[in-house]
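Welcome, and please load the model in your viewer. We will go from one selection to the next and see what sits at each stop.

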Amino acid sequence: MPNPLGGPPIQSRANFTLESYDAKTGRAVISWRQQLDPESTRESLALALNDLTAKIAPERVADARAAFAKMTVTRDDTCRHEIDIPTGLAVRVECSSLMTTGVGDETGQITDRWTITQTLPETSAKMN
(Lines give C-alpha, C1' and ligand atoms only; values in the text may rest on other atoms or scores of the structure.)
Protein backbone atom coordinates (compact mmCIF):
# COMPACT_ATOMS: atom_id res chain seq x y z
CA MET A 1 0.00 0.00 0.00
CA PRO A 2 1.19 3.55 -0.53
CA ASN A 3 2.63 5.40 2.44
CA PRO A 4 0.42 8.47 3.07
CA LEU A 5 3.55 10.42 4.03
CA GLY A 6 5.35 9.61 0.79
CA GLY A 7 7.75 6.97 2.09
CA PRO A 8 8.32 3.52 0.64
CA PRO A 9 5.23 1.34 0.06
CA ILE A 10 3.90 -0.57 3.07
CA GLN A 11 3.44 -4.33 2.83
CA SER A 12 0.07 -5.75 3.84
CA ARG A 13 -1.70 -9.08 4.06
CA ALA A 14 -5.20 -9.52 2.68
CA ASN A 15 -7.66 -12.34 2.18
CA PHE A 16 -11.12 -12.93 0.77
CA THR A 17 -13.52 -15.53 2.17
CA LEU A 18 -16.74 -16.77 0.61
CA GLU A 19 -19.06 -16.70 3.63
CA SER A 20 -22.22 -17.88 1.89
CA TYR A 21 -23.70 -18.57 -1.53
CA ASP A 22 -27.43 -18.90 -2.20
CA ALA A 23 -28.20 -19.90 -5.79
CA LYS A 24 -31.96 -19.56 -5.20
CA THR A 25 -31.77 -15.87 -4.26
CA GLY A 26 -28.73 -15.17 -6.46
CA ARG A 27 -26.71 -13.74 -3.59
CA ALA A 28 -23.28 -14.37 -2.14
CA VAL A 29 -21.54 -12.87 0.88
CA ILE A 30 -17.80 -12.31 0.67
CA SER A 31 -15.64 -11.05 3.53
CA TRP A 32 -12.38 -9.18 2.96
CA ARG A 33 -9.70 -8.38 5.52
CA GLN A 34 -6.42 -6.51 5.18
CA GLN A 35 -3.77 -5.86 7.80
CA LEU A 36 -0.63 -3.79 7.46
CA ASP A 37 2.61 -5.62 8.15
CA PRO A 38 3.77 -4.02 11.44
CA GLU A 39 7.50 -4.00 10.66
CA SER A 40 7.03 -2.71 7.12
CA THR A 41 4.70 0.00 8.43
CA ARG A 42 7.13 1.13 11.12
CA GLU A 43 10.09 1.20 8.70
CA SER A 44 8.22 3.05 5.95
CA LEU A 45 6.71 5.66 8.26
CA ALA A 46 10.02 6.16 10.11
CA LEU A 47 11.85 6.83 6.83
CA ALA A 48 9.20 9.32 5.73
CA LEU A 49 9.12 11.06 9.12
CA ASN A 50 12.93 11.19 9.28
CA ASP A 51 13.02 12.88 5.87
CA LEU A 52 10.35 15.35 6.93
CA THR A 53 12.16 16.13 10.21
CA ALA A 54 15.43 16.66 8.33
CA LYS A 55 13.70 19.29 6.17
CA ILE A 56 11.79 21.05 8.95
CA ALA A 57 14.08 20.72 12.00
CA PRO A 58 17.47 19.29 11.01
CA GLU A 59 18.82 19.86 14.53
CA ARG A 60 16.21 17.40 15.91
CA VAL A 61 16.81 14.47 13.54
CA ALA A 62 18.56 12.33 16.17
CA ASP A 63 15.71 12.88 18.67
CA ALA A 64 13.13 12.10 16.01
CA ARG A 65 14.90 8.89 14.95
CA ALA A 66 14.95 7.70 18.56
CA ALA A 67 11.22 8.41 18.95
CA PHE A 68 10.29 6.82 15.60
CA ALA A 69 12.23 3.65 16.48
CA LYS A 70 9.74 3.06 19.34
CA MET A 71 6.69 3.88 17.25
CA THR A 72 3.99 1.28 16.57
CA VAL A 73 1.26 1.53 13.95
CA THR A 74 -1.33 -1.10 13.12
CA ARG A 75 -4.26 -0.99 10.73
CA ASP A 76 -6.95 -3.61 10.31
CA ASP A 77 -9.53 -3.16 7.52
CA THR A 78 -12.54 -5.43 7.05
CA CYS A 79 -15.48 -5.42 4.64
CA ARG A 80 -18.52 -7.66 4.21
CA HIS A 81 -19.81 -7.61 0.61
CA GLU A 82 -23.28 -8.82 -0.33
CA ILE A 83 -23.09 -9.57 -4.06
CA ASP A 84 -25.98 -9.94 -6.51
CA ILE A 85 -24.72 -12.87 -8.60
CA PRO A 86 -26.64 -12.18 -11.88
CA THR A 87 -25.32 -8.59 -12.15
CA GLY A 88 -22.09 -8.93 -10.15
CA LEU A 89 -23.00 -5.75 -8.25
CA ALA A 90 -22.31 -5.28 -4.57
CA VAL A 91 -25.74 -4.39 -3.19
CA ARG A 92 -24.50 -3.80 0.36
CA VAL A 93 -20.98 -3.36 1.73
CA GLU A 94 -20.21 -2.82 5.41
CA CYS A 95 -16.64 -1.83 6.25
CA SER A 96 -14.55 -0.84 9.22
CA SER A 97 -10.99 0.35 9.64
CA LEU A 98 -9.14 0.36 12.97
CA MET A 99 -5.83 2.21 13.20
CA THR A 100 -3.78 2.14 16.38
CA THR A 101 -0.64 4.23 16.88
CA GLY A 102 1.68 4.36 19.81
CA VAL A 103 5.00 5.59 21.14
CA GLY A 104 6.06 4.15 24.46
CA ASP A 105 3.12 3.95 26.86
CA GLU A 106 0.95 6.36 24.85
CA THR A 107 -1.42 4.92 22.28
CA GLY A 108 -4.35 6.20 20.31
CA GLN A 109 -7.00 4.59 18.14
CA ILE A 110 -9.15 5.74 15.26
CA THR A 111 -12.08 3.66 14.03
CA ASP A 112 -13.95 4.40 10.82
CA ARG A 113 -17.11 2.55 9.81
CA TRP A 114 -19.18 2.94 6.68
CA THR A 115 -21.96 1.23 4.78
CA ILE A 116 -22.45 1.42 1.03
CA THR A 117 -25.67 0.34 -0.67
CA GLN A 118 -26.47 0.09 -4.35
CA THR A 119 -29.81 -0.32 -6.05
CA LEU A 120 -30.02 -2.99 -8.71
CA PRO A 121 -30.86 -1.81 -12.23
CA GLU A 122 -34.51 -2.04 -13.17
CA THR A 123 -35.40 -4.77 -15.64
CA SER A 124 -37.52 -3.94 -18.66
CA ALA A 125 -41.19 -4.95 -18.51
CA LYS A 126 -42.17 -8.04 -20.48
CA MET A 127 -44.41 -7.50 -23.51
CA ASN A 128 -47.40 -9.83 -24.05
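What is the handedness of the disulfide of Cys 79 and Cys 95? Select both residues and look along the S-S bond: its torsion is about 115°, so this disulfide is right-handed. Strands here are DSSP runs of at least two residues, numbered from the N terminus.

A word on what you are viewing: this is a predicted model, in which local features need pLDDT of at least 70 and side-chain atom pairs count only at pLDDT 80 or more, while totals for chains, interfaces and linings use all residues. Residues are numbered from 1 along each chain as its sequence is written, and side-chain values use heavy atoms, with hydrogens and water left out.

Stay with the sulfur atoms for a moment. They lie 2.0 Å apart, and a disulfide is called when two cysteine sulfurs are within 2.5 Å. Searching the whole structure turns up 1 disulfide. Both Cys 79 and Cys 95 are buried (under 20% relative accessible area; exposed is over 50%, partly exposed in between, with a 1.4 Å probe and protein chains only).

Next, select Thr 100, also in strand E4. Show its neighbours within 4.5 Å, counting heavy atoms: leaving out residues up to four places away in sequence, Thr 100 touches Thr 72, Val 73, Thr 74, Gly 108 and Gln 109.

Finally, pick Leu 18 in strand E1 (residues 12-22). Leu 18 counts as exposed because its relative accessibility is 56%.

Notes:
Helices (H or I, at least four residues) and strands (E, at least two) are DSSP runs, numbered from the N terminus.
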